[in-house]
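Dear colleague,

Please find below the structure that I am handing over to you. My notes on what was found in it follow directly after.

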Amino acid sequence: MNGEGPGISTSTQDLAAPVDWQRVREDFPLLHREVHGKPLVYFDSANTGQKPARVIAAMDDYYRRYAANVSRAVHTLGEQATRSYEGARDRLAAHLRVHRRDLVFTSGTTMAINLVAYSWALPRLRAGDAIVLTRMEHHANIVPWQLIAQRTGATIKVADISADGVLDLNALERLLTPEVKLLGVTHVSNVLGTINPVHEVCTLARKRGVITVVDGSQALPHLAVDIPAIGCDFYALTGHKMCGPTGTGALWARREHLDAMPPFFGGGEMIREVRFEGTVFNDPPHKFEAGTPNISGFIGLGAAVDYLDALGMANVQAREGELLAHLTEEMRKIEGLRIIGNAPDKAAVVSFLIEGAHAHDLATLLDLEGVAVRSGHHCAHPLMAYFGVPATCRASLAFYNTHAEIERFIVALRKVRGLLG
Ligand code: PLP
């Protein structure tokens with residue numbers, strides 16, 4: 001990262017450095033706009049996060065100064081583009097404490113999980129095998145497994161959660177019978193905010209030879225993620241929730257899996273030699289990256305990783321912990337408001353309902369107050385069914401939000417409750 005870090009006076013990650021959160025907020029141009037004539041309160045970061053100016057500038061710079069394809073051209077622009085694109089892989093790998101060779105760029109978590117499903121699971125699963133998923137998975141970590149189950153004859157078993165939204169580890173352990181070959185678990189629930197004990201879960205699975213797929217979509221924006229410490233087989237992530245551009249993401253996998261997996265897509269970039277008699281594939285990660293990638297997007301993702309590293313994920317976590325405590329305390333004071341997801345270990349995500357009001361009506365009226373929250377099933381139909389609701393409203397925060405915004409949200413919520421009640 002060049003120059004000064006976001007809101008702090010050093011470019012290195014320094015946990016003791018005091019962060020000027022007001023200055024950090026200045027890094028996000030979009031946060032300064034108005035909606036319906038009122039200053040925006042953006043509480044929808046679990047849906048997609050906002051981007052600091054330097055991420056936008058990094059993408060702009062690529063298109064203005066060195067737009068060229070990667071890995072093909074030997075000319076200066078092509079070399080610069082390749083260096084920036086592969087540099088983003090270096091930075092993301094360092095952020096996750098993994099080797100760059102084991103990090104495949106994808107369009108997001110959805111593609112990352114589908115890559116595991118089609119390249120690892122489809123050739124291996126058989127009738128009689130089972131896949132375990134938790135009840136709090138996003139559809140991106142359910143539907144690909146259903147498609148694989150249909151094609152292989154495998155079945156899906158569901159690990160349950162408590163009414164507070166905590167994964168039941170004893171029940172999960174009991175589910176891990178010999179026919180289970182794969183377990184999918186989200187690191188952080190996009191609906192409940194629950195931070196799952198993924199290290200414990202993966203340890204239980206590993207002891208039984210069960211392959212683990214962790215969905216890290218909602219963890220990367222909030223936590224310092226150390227993949228080797230988790231002990232999973234696969235870790236999927238998406239860039240747009242962690243200050244990066246849409247259409248970026250990655251799959252980390254243990255090297256033995258990437259070496260053994262056939263490619264999911266075929267085409268240019270992923271080969272070493274092509275003859276009509278057969279093709280020799282490139283080494284991972286390029287073996288899984290056919291075609292021209294989202295070059296500017298990954299350059300932006302590299303800048304996003306730099307930004308988060310300079311901020312320090314420990315600082316992010318501490319800041320968001322304070323915001324979450326404030327938000328939860330104030331929301332609990334509102335009569336008739338039900339919070340769905342009360343795990344002791346939570347990221348700054350609060351799903352809620354107000355008695356007698358539909359989630360969409362709530363979100364629409366909040367929008368008129370300048371407040372952006374998401375309403376709906378959050379791509380988690382089975383979780384909605386478990387809680388007996390068709391939809392919830394969800395306020396999801398990031399480090400760039402403020403206590404003043406929480407106060408404004410609470411005032412807006414009380415007003416909307418009055419209108420609907
Ligand atoms: N998993 C979780 C927990 C999510 O919250 C999301 C996005 O909302 C996804 C997966 C899918 O991510 P993407 O649409 O970026 O592939």
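A residue is called buried here when its relative accessible area is under 20%. Tyrosine 307, with a relative accessible area of 0%, is therefore buried. Please bear in mind throughout that this is a predicted model.

Tyrosine 307 belongs to helix H10, and I begin with that helix. H10 covers residues 295-311, and its 17 residues should span 24 Å at 1.5 Å a residue. The C-alpha atoms at its ends lie 25 Å apart, which agrees with that expectation. The helix is mostly covered, as 16 of its 17 residues are buried. Just after H10 comes glycine 312, whose phi is positive, at about 90 degrees.

The next topic is the aromatic rings. A pair of such rings is described by the distance of the centres and the angle of the planes. With rings counted as paired if their centres lie within 6.5 Å, there are 17 aromatic pairs. One of them joins phenylalanine 28 and tyrosine 307 in an edge-to-face arrangement, with 5.7 Å from centre to centre and 85 degrees between the planes. This pair links distant parts of the chain: phenylalanine 28 lies in the loop between helix H1 (21-26) and strand E1 (34-35), whereas tyrosine 307 lies in helix H10, 279 residues apart. Phenylalanine 28 also has a relative accessible area of 0% and is therefore buried.

Phenylalanine 352 and phenylalanine 409 form another edge-to-face pair, with centres 6.1 Å apart and planes at 75 degrees. Here too, distant parts of the chain are linked, since phenylalanine 352 is in strand E14 (residues 349-354) and phenylalanine 409 in helix H14 (residues 403-420), 57 residues apart. Both phenylalanine 352 and phenylalanine 409 are buried.

Phe28 and Tyr307 are also members of one aromatic cluster, together with Trp21, Phe399 and Tyr400. Elsewhere, arginine 89 lies over the face of phenylalanine 105, 4.4 Å from the ring centre.

Finally, which residues come nearest to the ligand? Of the 13 residues around the ligand, these are Thr110, Asp215, Gln218, Thr238 and Lys241. Aspartate 215 places a polar side-chain atom 2.5 Å from a nitrogen atom of the ligand. A polar side-chain atom of serine 217 lies 3.2 Å from a ligand nitrogen atom, and a backbone N or O atom of threonine 109 is 3.3 Å from a ligand oxygen atom. Taken alone, the ligand exposes 400 Å², of which the protein buries 86%.

With kind regards

Technical notes
Residues are numbered from 1 along each chain as its sequence is written. This is a predicted model: local features need pLDDT of at least 70, side-chain atom pairs count only at pLDDT 80 or more; totals for chains, interfaces and linings use all residues. Side-chain values use heavy atoms; hydrogens and water are left out. Helices (H or I, at least four residues) and strands (E, at least two) are DSSP runs, numbered from the N terminus. The expected span of a helix is 1.5 Å times one less than its number of residues. Buried means under 20% relative accessible area, exposed over 50%, partly exposed in between (1.4 Å probe, protein chains only). Rings of Phe, Tyr and Trp (its six-membered ring) pair if their centres lie within 6.5 Å; planes under 30 degrees apart count as stacked, over 60 as edge-to-face and the rest as tilted. A charge sits over a ring if NZ of Lys or CZ of Arg is within 6 Å of the ring centre and within 35 degrees of the ring normal. A residue is near a molecule or strand if one of its heavy atoms lies within 4 Å of it. A polar contact is a pair of N or O atoms within 3.5 Å; within protein, one must be able to donate a hydrogen and the other to accept it, and residues adjacent in sequence count only if both atoms are side-chain atoms. Accessible areas come from the Shrake-Rupley method with a 1.4 Å probe; for residues, only the protein chains shown count as cover.
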